[in-house]
Structures are given as C-alpha cells and as structure tokens.
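Please look through the sequence and the model shown here before reading on.

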Amino acid sequence: MALNARLDHRNPLVFDTHELGRRPGALQRLTRTVDAPRDLGIQGVVGVPEGAPVELELRLESVMEGVLVTGTARAKAKGECVRCLEPVELELEADYQEMFSYPDADDRGRVTAEPGDDAEDDEDRLSLEDGLFDLEPVLRDAVVLALPMQPVCQEDCPGLCSECGVRLADDPDHHHDAVDIRWAALQGLAGTMKDGEKDEMSGADAGVDEKQEK
C-alpha cells in the first residue's frame with residue numbers, strides 16, 4: 001500500500017509521530033486500550049469479538065527512512081472447538097513490527113523530490129500521512145498469525161462420537177457395540193433361511209392335516 005487513505009486522528013488505531021520530529025534515534029513509548037474492530041481474527045473460526053478491549057503497547061523509533069513501530073497486542077479471543085464444537089476462549093498475545101516510511105524518502109532513507117516510481121515497492125510500503133499512521137492493517141496481520149487455525153478446548157479433546165454425536169469428554173466410557181457387517185449379512189441370511197423353514201414346516205403340517213381329514 002503506497003499511501004494510506006486520508007487518516008482521522010480521532011480513530012483510536014491512528015497514531016501521531018510528530019513528537020519524534022524526524023530525529024533518527026528518537027523514541028516514544030505508548031500504551032492504549034481500544035475497541036476491537038470488526039472481523040479481527042480468522043473469520044468463522046476464532047477471533048476477537050467486535051468491541052472487545054484490546055490492550056496495545058507500542059514503541060515508536062525514528063529512523064532515516066521513517067518510523068519503526070514495534071509492539072504487542074493483548075486481548076481475549078473466542079471461537080469454537082474444531083473437535084467437539086464447544087465454545088473456546090483463549091488469551092491472545094500478538095507481537096508486531098512494521099516500518100512506516102516518510103512519503104518523500106526512498107529505500108535508503110534519502111529524501112527525494114518525487115515519490116518513487118517503483119509500483120511493486122509502493123504496494124508493499126506503508127507510509128506516514130502528515131505524521132500519522134494507521135495500525136489496523138498491521139494489527140490484523142499480527143492477530144491472524146497469533147491465532148490457532150484449528151482451536152481446541154483442550155489439547156487432548158476426544159471430540160464427538162461418530163455414531164450419535166455425543167461429546168466424548170463428558171462420557172469417557174461412551175461406546176457402541178460394534179457389529180461386523182460381514183456377520184450382519186450372515187445373520188440376515190440365517191434369518192431368511194429360518195423364515196423359509198417355517199414356511200416349509202407350515203406347508204408340511206397342512207398336508208398332514210389334509211390326509212388325516214381324508
């Protein structure tokens with residue numbers, strides 16, 4: 001992203017670097033608690049609920065080409081266990097580091113009269129706008145990397161019974177009597193044969209009765 005969209009200093013995820021004064025080596029430390037933006041996490045799997053508090057720690061360091069931002073975000077993430085489908089809540093700690101470049105500096109930190117013409121570099125570069133930067137895209141990337149792709153309620157969660165769907169952790173002794181399908185077929189055949197024998201016996205009995213009547 002070459003240049004940020006017009007930034008609003010009232011946005012809690014927008015930070016001001018004017019105190020650094022473009023003096024290489026100048027440092028500034030900040031802490032801030034913000035409301036989680038929408039869809040902060042892995043959509044449909046696990047994430048920080050919209051509006052939940054997110055604690056931010058930032059270290060801003062002025063360098064030749066811009067401002068190096070290093071920090072940590074802490075929050076509570078919620079999701080669903082991929083094995084048993086029970087709700088999952090976990091403590092999230094996501095570290096991040098990103099360079100926000102001065103719009104008029106090239107890759108070596110030298111001030112240029114015109115912004116660089118390299119389209120690929122511009123796409124990958126995050127820039128300061130009037131001394132402001134937006135932390136949200138950096139925060140989103142860090143949170144996604146810190147979250148588990150397949151959250152579980154516990155490491156050894158046994159999941160659900162494949163037969164009836166009961167949660168196995170609630171009933172460790174739960175089981176179903178296994179029936180070998182080969183024996184089941186034979187049992188069905190035996191049942192059919194028994195039915196046939198009954199029919200034959202019934203026919204024989206009927207014949208005997210007829211003879212006796214004669």
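Which residues do ring pairs link into a cluster? The cluster joined by ring pairs consists of Phe-15, Phe-100 and Phe-133, where rings of Phe, Tyr and Trp (its six-membered ring) are paired if their centres lie within 6.5 Å, with planes under 30 degrees apart counted as stacked, over 60 as edge-to-face and the rest as tilted. This is a predicted model, in which local features need pLDDT of at least 70 and side-chain atom pairs count only at pLDDT 80 or more, while totals for chains, interfaces and linings use all residues. Residues are numbered from 1 along each chain as its sequence is written, and side-chain values use heavy atoms, with hydrogens and water left out.

By the ring rule, the count comes to two aromatic pairs. One of them, between Phe-15 and Phe-133, is stacked, with 5.5 Å from centre to centre and 15° between the planes. This pair links distant parts of the chain, since Phe-15 belongs to strand β1 (residues 14–16) and Phe-133 to strand β9 (residues 132–134), 118 residues apart. Helices (H or I, at least four residues) and strands (E, at least two) are DSSP runs, numbered from the N terminus. Phe-15 counts as buried because its relative accessible area is 1%, and Phe-133 is likewise buried, at 0% relative accessibility; here buried means under 20% relative accessible area, exposed over 50%, and partly exposed in between, with a 1.4 Å probe and protein chains only.

For the chain as a whole, there are three helices and nine strands. Of its 214 residues, 31% count as buried. Among the contacts with a separation of 6 or more, 64% come from residues 24 or more positions apart, a contact being heavy atoms within 4.5 Å. The chain exposes about 14400 Å², of which carbon and sulfur atoms supply 49%, with accessible areas taken from the Shrake-Rupley method with a 1.4 Å probe and, for residues, only the protein chains shown counted as cover.

Strand pairing can be followed from β6 onwards. β6 and strand β7 (residues 87–101) pair in the antiparallel sense over 15 bridges, and two strands are said to pair if DSSP finds at least two bridges between them. Together β6 and β7 form a hairpin with six residues between them. β7 is also joined by two bridges to strand β8 (residues 126–127), and these two strands run parallel; within this pairing, the bridge partner of Ser-101 is Ser-127 in β8.

Thr-72 lies in strand β6 (residues 66–80) and stands opposite Asp-95 in β7. The side chains of Thr-72 and Asp-95 are joined by a polar contact of 2.8 Å, which is a pair of N or O atoms within 3.5 Å, where within protein one must be able to donate a hydrogen and the other to accept it, and residues adjacent in sequence count only if both atoms are side-chain atoms. Thr-72 counts as buried because its relative accessibility is 12%. Leaving aside residues up to four places away in sequence, Thr-72 touches several residues, including Glu-55, Leu-56 and Glu-57.

Leu-90 is found in strand β7, and its contacts, not counting residues up to four places away in sequence, include Val-46, Ala-75, Leu-147 and Pro-148. Leu-90 and Cys-153 are 63 residues apart in sequence, while their C-alpha atoms are 9.1 Å apart in space.

How many disulfides does a search of the whole structure find? The search finds zero, a disulfide being a pair of cysteine sulfur atoms within 2.5 Å. For Cys-84, which is in no disulfide, the nearest cysteine sulfur is that of Cys-153, 3.7 Å away. Cys-84 is buried, with a relative accessible area of 4%, whereas Cys-153 counts as partly exposed at 30%.

Two loop residues complete the tour. Leu-85, in the loop between β6 and β7, has a positive phi near 70° although it is a residue other than glycine, and Leu-85 is partly exposed, with a relative accessible area of 47%. Arg-22, in the loop between β1 and β2 (27–35), has a positive phi near 55°, and Arg-22 counts as partly exposed at 43% relative accessibility.
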